[in-house]
Amino acid sequence: MNYLEVNDLTVTYRTQGGPLPAVRGVDLTVEPGSKLGIAGESGCGKSTVALALLRLLPKSAVLGGRVLLDGEDVLTMKWGRLRAVRWAGASIVFQGAMHALNAVHRIGDQIAEPILLHGGVTRAEAARRAGELLEQVGLPAARAAAYPHELSGGQRQRVMIAMALACEPRLIVADEPTTALDVMIQAQILRLIDRLIGDHGISMVMISHDLSVLADTCDRLAVMYAGRVVEEGPAAEVFAAPRHPYGQALGAAFPRIGDPASRRNPRGLPGDPPDPAALPSGCSFRPRCGVAEERCAHVDPTLWPAGPGRRAACVRVLDGTVEAPAARTAPETAVEETR
Amino acid sequence: MTGTQAPVTAAAGSAPDRGGEGRPGRGKALRYIAGRLLTSLLSLVAVMFTAFFLFRILPGDPVRAMTEGRSVSVEQMEELRRQFGLDKPLPQQFVDYCLGLLRFDLGVSYQYRVPVVELIADRLWPTVLLSGTGTLLAALLGLWLGTRSAWRRGSVSDRVNSGVALTLWSVPTFWFGLILIVLLASGADLFPTGGMMTPGTTGAVAVTLDVAHHMVLPVATMVAVLYAQYLMIMRSSLLDEMGGDYLVTARAKGLRDALVLRRHAVPNALLPAVTLIFLNIGLVASGAILVETVFSWPGLGTLFYEALSVPDLPLVQALFIFFSAAVILMNLVADLVYPLLDPRVRS
Amino acid sequence: MSTTEPAATPEPRPAPRSPGPVDGPEGATASPRRLARQRRRRALARFWRDYRANRAGLFGLAGLALFVLVALAAPWLVQPADLSVTRAPGLPYQPPSLDYPLGTDNFGRSVLDLVIWGSRVSLLVGFLATLVSVTLGALIGIIAGHFGGATGTVLMRVTDWFLVLPTLVLAIALATVLSRSVFTIILAIGVTAWPTTARLVRAQTLAVEARPYIERARALGGGHLHIMMRHVLPNVMPLVLAQTTLLVASSIIMESTLAFLGLGDPTTVSWGGVLQDARNAGAVSSGVWWYLLPPGLAIALVALSFTLCGRALEGVLNPRLRDRS
């Protein structure tokens, strides 16, 4: 059975200017021990999906669909049960650990906090566990007494990871875990996550704008655009031979790390992501699509099978007219290039 | 701080020496303290200059100002000038004044004919008692209501809270006190109209109760006028924190909302709030003058008011220096306490 | 930008939206003056739309208008002769009646007349003291922010130091040593209330001067005065306006406080002065509430009106604050 199963998830923000659809029907599945990557530009709804998995969105967000975590629907859980599931069932590694950690508490206390809350252990035991976790992520246990600002960016992200492991969850959601870090540290953190996830047999959902990072780390890959998954399949294949024009553009982007422009606008892709309050008719990618046709204005494509284990939301996929571009370099070497 | 977790990490110190980097050096801390002390000292010197300018130079002839409206002969005025040292040239006066200050000699009251330092010492404790109680209660009330307001921003209780606070803030202190007296003291006869003690009360318990009874209305007045400021500070400080990512982390960990607020949001929001509260302590001096005047509380405020109406310039000058010095001292305390509260500033 | 006058035209949200200098090709042909006027009108319309959304701000504005009207109309509403202590029209301590809607004071004067007449001094002092302190604060703030360096440091030291002094104590001290007059009160309040404005203006000046067009103005040979008056001041003005409104509220409270302490001009009628008279006449212990209540309520209402306006203005002009109210 899948550990995480998301069915037709919708997230709509209530605003003064009317409802704002941020996520418009997303299906995802994560098998035990497997790793799913979600890629997309800023504002495509991928972080919203991450927060929706544990119902962490602000009150103005209205959620629909189902989020089954180990068979239980998170969206209809009672508050008490939800609090018990949070962190113990699934934990999150947030982007920007500087802000995700509380500046006025020692990191040891912050790691021990969920252990105390969910584990029913003594303070001393929780503190010992926190020290162990720090050592697992490559920090001396004595650093537990440090405050977040006394650590470097990479060290803080390690603390975040230690914290995510604290309650031995079966799923970790990593939301842009390496975005704020420089390239060398990024690689270290990715390897660390990879190792720990493997050691503990944890499933993972990793979210990033960087397709190459995801292809390197994950088993399966979902590409999101304007609140929907537009392409999905085995990571290496989606990266090497994307079927959806957006997947192709995103793959071609090779965003330069640390360059905000490349994050917002993959190279070769004109225009901005659509305003969720005023989505174009038909295919929402149409205005930016290089191969858009007349019928794209009328058909709003959903995910169609596009080869074994693959799906894509493009009319050309349905026709079979789409041809995968010549297979590009394998992900591993591609990642080397960006480094 | 409320809700700050006790450090659970004490037991985790398996490798005591490795985590030591990034701690502030002792020398650095000493330099910080020395710097703050120096700044305060400079401020005090500036107060000294201002006081001299205000009370010796600005009035032209201080003796004439003090005796205005009274029948005082030219000889008596000469005598007064000699007594206050005003017959000497200004530079000489200034030197005498500075030397006097160094010996805590602030001159002799024109009205009481005793050293003003004695008068101040006599009246100091009632003021400390009243203002201390008032400030403490106002700060607690303001911080508590401000926290509630921010947490439920836009709710009815937030709007009522903010509205009441703003209204009370707009009300002049002295008038609020007068109305309380009319309603609850001279009207309903629940509380005394003024003073600090019923004459003839004896016994520690009886005296304490009597003083507390006398304190209710003045403290209520002070709190009513002061707490709004604290409420607004805490409210906006907490609202600044509300968007913080670390609060999402806290909720993701499965903490209930009350704990997220108490353990995570409030300690962060308190830091700027506490600083501003200390910086606003100058309000307390002003509040004390008015509240004491209205309730005839035998403290420095009443002394100040009495000195004004004479005007007893040496006493006014001494109290001016005293009130200013108190504020400077409070600011120094804030500067020294803040690093203890905020780990970010500590290093 | 050269057409933007340093007048107090509120141009909201200087930073994010306003397009900066209006020149370039179309500006050169389509009369920059008219363009600027249009832009200012649009900005004003947008400003009013934002302000109108704040209900408390509208209440404040209404209250403020009411009090200003009353103060202006006072000579027609009240016979100055009725305010004479010796030839008062009524009997002492009359409770409210049809003849005297708010009763009479210890001399037999109508309390309503006193409150109406008192609004003149209270508002006058409130406005003028604010004018003094805002002018002083804006001047010092701009100079400190523009020149920086030693000048700026010294000015900010002085400001910080004034900020520390207990305002009321300093104002009382000034009012004590100078002769009793409305002018003294204005001076005492104005001289003590400027430091907050100075800090605000300095911060804003620094922010404005970091923008590229200031650099360009400087490169084009704009002198210090030109840059301060033509570029910095118009951008700083809106926030100063909000600050001013808030300051009027505290100035009015301060005026009444000084008058209550007996430091006001004994020959004029002001709200604080009326309360002092009431207290001295024993209205507190004899429970003559109609003598005490109206002047205090008037002070509170005026102060509240100004505060509400100021906060609404602040909210409109500083979008970061808007989400909070």
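Reader: How many residues does the contact take from chain A and from chain B?
Author: The contact takes 42 residues from chain A and 31 residues from chain B. Two residues are in contact if their C-beta atoms, placed from the backbone, lie within 7 Å. This is a predicted model, in which local features need pLDDT of at least 70, side-chain atom pairs count only at pLDDT 80 or more, and totals for chains, interfaces and linings use all residues. Residues are numbered from 1 along each chain as its sequence is written, while chains are lettered from A and ligands numbered from 1 in the order in which they are written.

Reader: What is the secondary structure of chain B?
Author: Chain B has 14 helices and zero strands. Its C-alpha atoms fill a box of roughly 85 × 60 × 40 Å, taken along the principal axes.

Reader: What share of chain B is buried?
Author: Buried residues make up 42% of the 347 residues in chain B. A residue is buried if 20 or more other C-beta atoms, placed from the backbone, lie within 10 Å of its own. For chain A, buried residues make up 52% of the 339 residues.

Reader: Chain A has strands too, I think; how many?
Author: Chain A has twelve strands, along with 13 helices. Strand 9 (residues 220-225) of chain A is mostly covered, with six of its six residues buried. R220(A), A222(A) and M224(A) point one way from this strand, and L221(A), V223(A) and Y225(A) the other way.

Reader: Which strands run parallel or antiparallel to strand 9 of chain A?
Author: Strand 3 (residues 35-39) of chain A runs parallel to strand 9 of chain A, joined by four bridges. Strand 10 (residues 228-234) of chain A runs antiparallel to strand 9 of chain A, joined by six bridges. Two strands pair if DSSP finds at least two bridges between them. In the hairpin of strands 9 and 10 of chain A, A226(A) takes a positive phi near 50°.

Reader: Back to chain C: how do the axes of helix 3 and helix 11 cross?
Author: The axes of helix 3 (residues 55-77) and helix 11 (residues 289-317) of chain C come within 7 Å and cross at roughly 135°. Axes are lines fitted to C-alpha atoms, for helices over the stretch in contact, and angles run from 0 to 180 degrees between N-to-C directions. That makes helix 3 of chain C oblique to helix 11 of chain C; angles under 35 degrees count as roughly parallel, over 145 as roughly antiparallel, 65 to 115 as roughly perpendicular and the rest as oblique.

Definitions and conventions. Helix = DSSP H or I, 4+ residues; strand = E, 2+ residues; numbered from the N terminus. Buried ≥ 20, exposed ≤ 12 C-beta atoms within 10 Å, placed from the backbone.
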